[in-house]
Amino acid sequence: MGGQACVFYGAAQVSKDVDLVLLAQEENFSRLRTALEQLNAKRIAVPRFDPALLARGHAVHFRCAAPGVEDLRIDIMTCLRDLPPFSALWERRTVITGDRGEEFHLLSIPDLVNAKKTQRTKDWPIIELLVAIHYRENGANPCPEWVEFWLAQARTPELLAELVQRFPNEARAQTSHRPLLRLAFSGEIEALRTALDAEVRAEQAKDRAYWAPLIAEFEAFRRAERAESGKGGAME
Amino acid sequence: MTFEEMPEVWQEWLELTPLERFRQSEKLFAQYLAMGGNLDPDPDPTSPFYDPDQWRPGAAYGRAGLRVLRRGAS
């Protein structure tokens, strides 16, 4: 769902880890455990693997040790901030079939864009690229759903100016959701740039607010594990 | 940024199919590892998952024995 999906879509050239979003069912957890055992993957950070914690929005981090995948990191999540449940993500996913018959199931670009709206500064240039790539690949045959997505998510003044010129009615209809589209109509590029920056800061603040209680839990988990390892315990 | 404004290397990258990009990425990654690159994530204090204690000895950043000996004027 993360960097590897961005590679497939063209918004990144490499990713150092594999991020998976999983349907929270015992059968899947069991298959995941088997796969992690085959990869000789060990958990490397808090929290522990616990479906209840995953359901609250936590991620569980593993590092592999099997030959061929030494040190590869795998992060597991079952729910993502402000995204619909897994069933909707799965319905909208992109499937790419490899030349050896393997299948890669990726978050759709709109879902990936929303998943990337984080407090991390490095995610925002990726969003810009994902939207630009999607527009380039689908702009010749726009459907209402795509036009709405581009107008809602485009992140450069130049692309926004082009979109409002090309789809003025749809853009006007969206100005109540995204007021900065008015600046794109009037061609106020610098004001638009400032408004885009403000949008990023607002979204980053939302993400920080979402994570604040979870980070407090991390700290408690870390303290508990340090205390436990001081008594001779070990990470799973 | 529009496609025309992208650097040539990115334009070439986008001309590939998704699967071609994935295969090329595998090759780039193999080269990165062959040159001594490691798989530890880059330290990112803006990430909610950032834990300074998680960096292992041998990582490019945060090595236990790595100290700043001199800072340039700021």
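How many residues does the contact take from chain B and from chain A? The contact takes 23 from chain B and 31 from chain A. The legends below go with close-up views of this predicted model.

**View 1. Chain B meets chain A.** The contact uses 31 residues of chain A and 23 residues of chain B. On the chain B side, H1 and H2 are the elements that give two or more residues. H2(B) gives the most, with 8 residues. Sorted by class, the chain B side has 14 nonpolar, 6 polar and 3 charged residues.

**View 2. Helix H2 of chain B and what follows.** This helix covers residues 18-34 of chain B. Its 17 residues should span 24 Å at 1.5 Å a residue, and the end C-alpha atoms are 24 Å apart, so the two values agree. Gly36(B) follows H2(B). The phi of Gly36(B) is positive, near 100 degrees.

**View 3. The two domains of chain A.** Domain 1 takes in residues 3-108, and domain 2 takes in 123-207. Their C-alpha centres lie 29 Å apart. In the contact between them, 6 residues of domain 1 meet 5 residues of domain 2. The domain 1 side divides into 4 nonpolar residues, 1 polar and 1 charged.

**View 4. The largest nonpolar core.** This core has 44 residues. Those with the most contacts inside it are Tyr9(A), Leu112(A), Leu130(A), Val131(A), Trp150(A), Leu160(A) and Leu163(A). Several elements of chain A give two or more residues to this core, among them helices H1 (3-9), H5 (109-115) and H10 (181-186), and strands E3 (60-63) and E4 (73-77). H6(A) supplies the largest share, 7 residues. Domain 1 and domain 2 of chain A each give the core at least three residues.

**View 5. Helix H6 of chain A.** H6(A) has 16 residues. From first C-alpha to last, H6(A) reaches 23 Å, close to the 22 Å expected at 1.5 Å a residue. Which residues of H6(A) are buried? They are Asp123(A), Ile127(A), Leu129(A), Leu130(A), Val131(A), Ala132(A), Ile133(A), His134(A) and Tyr135(A). Leu130(A) and Val131(A) are also among the residues with the most contacts inside the core. The cover over the buried residues includes H1, H5, H7 and H8 of chain A. Helix H1 (8-15) of chain B is part of this cover too.

**View 6. Around Leu160(A).** Leu160(A) is one of the residues with the most contacts inside the core. Leaving out residues up to four places away in sequence, Leu160(A) touches Ala154(A), Leu181(A), Ala184(A) and Leu192(A).

Note on methods:
Residues numbered from 1 in each chain as written. Chains lettered and ligands numbered in written order. Predicted model: local features only at pLDDT ≥ 70, side-chain atom pairs only at ≥ 80, totals over all residues. Core = buried A, V, L, I, M, F, W, Y, C linked by C-beta atoms within 7 Å. Buried ≥ 20, exposed ≤ 12 C-beta atoms within 10 Å, placed from the backbone. Helix = DSSP H or I, 4+ residues; strand = E, 2+ residues; numbered from the N terminus. Domains from an automatic or database assignment. Contact = placed C-beta atoms within 7 Å. Expected span 1.5 Å × (residues − 1). Nonpolar A, V, L, I, M, F, W, Y, C, P; charged D, E, K, R; others polar.
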